[in-house]
Amino acid sequence: MAARSTRNSHESKSEILKAALEVVRRSGAQSLTMDAVAEESGFSKGGVLYNFPTKDALITGMVEFLAGQFEAEVSAARERNLSSECPTLSAMIEVTEGWLSEQRDLAQAMLATKADRPDLSEPFMGVKSRMKAAIEAELSDRGKAWAIWACLEGLHFSEAHCVTIFTDEERALVFQELRKRLTQLQD
């Protein structure tokens with residue numbers, strides 16, 4: 001349980017969302033209760049409910065938080081890849097590889113909540129639309145760029161749906177090949 005100090009509303013919400021994500025990561029989506037989040041976060045149940053009045057509001061907040069986190073990580077990785085002809089796609093490869101290693105359990109658990117809430121895709125669709133526009137501005141050979149992106153999506157979704165057939169070593173080879181193909185786009 002985390003110790004609390006005086007915080008603003010944004011910090012409180014962020015801490016509650018991180019705690020909720022940890023509950024889901026550790027125990028699965030079925031374990032996501034306001035009581036479990038309160039215990040994990042160190043907030044009272046009333047404090048959690050003040051920030052997220054319903055479980056649906058909490059789940060929506062979690063998805064929006066994850067989408068924002070993904071976009072922020074891509075933005076930071078893009079800055080590290082500015083020498084690339086397509087820094088956005090380079091960043092997407094880097095971040096997706098990391099998320100598949102570090103966020104795999106979370107993606108699988110969150111998928112269970114999406115069945116009842118198709119609107120949960122909206123935050124990620126906004127992020128993807130912005131990334132698509134950035135890639136279109138960076139590259140003229142969009143077909144090859146979309147092929148790389150589709151491969152990233154396939155890797156992500158096969159992990160989320162628990163149907164991946166690749167070992168970690170094999171997946172690393174796929175990422176190595178994607179980087180090679182991205183370099184070829186730039187020639």
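Predicted model: local features only at pLDDT ≥ 70, side-chain atom pairs only at ≥ 80, totals over all residues.

At roughly what angle do the axes of α4 and helix α5 (residues 87–102) cross?

Tutor: The protein contains 9 helices and 0 strands, so the pattern read along the sequence is α-α-α-α-α-α-α-α-α. Of its 187 residues, 40% are buried. Among contacts with a separation of 6 or more, 69% join residues 24 or more positions apart.

Within this arrangement, the axes of α4 and α5 come within 8 Å and cross at roughly 125 degrees. Because of that angle, α4 is oblique to α5. The crossing of the two helices is right-handed. On the α4 side, the contact is made by Leu 66, Gln 69, Phe 70, Glu 73, Val 74, Ala 77, Arg 78 and Arg 80. On the α5 side, the residues are Pro 87, Thr 88, Ala 91, Met 92, Glu 94, Val 95, Thr 96 and Trp 99. Sorted by class, the contact of α4 with α5 has 9 nonpolar, 3 polar and 4 charged residues.

The loop between α4 and α5 also deserves attention, and Asn 81 is found there. Asn 81 has a relative accessible area of 19%, and since buried means under 20%, this residue counts as buried. A polar atom of the Asn 81 side chain lies 2.7 Å from the backbone oxygen of Ala 77, and Ala 77 is itself one of the α4 residues in the contact with α5. Leaving aside residues up to four places away in sequence, Asn 81 touches Pro 87, Ser 90, Ala 91 and Glu 94.

The crossing of α4 and α7 is right-handed. From α4, the residues in contact are Val 63, Glu 64, Leu 66, Ala 67, Phe 70, Glu 71, Val 74 and Arg 78. From α7, they are Pro 123, Phe 124, Val 127, Arg 130, Met 131 and Glu 138. The class count for the contact of α4 with α7 is 9 nonpolar, no polar and 5 charged residues.

Elsewhere in the chain, two side-chain pairs may be noted. Glu 159, in helix α8 (residues 142–160), is buried, with a relative accessible area of 4%. The side chains of Glu 159 and Arg 171 make a polar contact of 2.8 Å. Lys 45, in helix α3 (residues 45–51), is partly exposed, with a relative accessible area of 40%. The side chain of Lys 45 is joined to that of Asp 35 by a polar contact of 3.5 Å.

Conventions:
Residues numbered from 1 in each chain as written. Heavy atoms only, no water. Left-handed = near helix turned anticlockwise from the far one by under 90°. Helix = DSSP H or I, 4+ residues; strand = E, 2+ residues; numbered from the N terminus. Contact = heavy atoms within 4.5 Å. Nonpolar A, V, L, I, M, F, W, Y, C, P; charged D, E, K, R; others polar. Buried < 20%, exposed > 50% of the residue type's maximum accessible area, 1.4 Å probe, protein only. Polar contact = N/O pair within 3.5 Å; in protein donor to acceptor, adjacent residues only side chain to side chain. Axes fitted to C-alpha atoms, helices over the stretch in contact; angles between N-to-C directions. Parallel < 35°, antiparallel > 145°, perpendicular 65-115°, else oblique.
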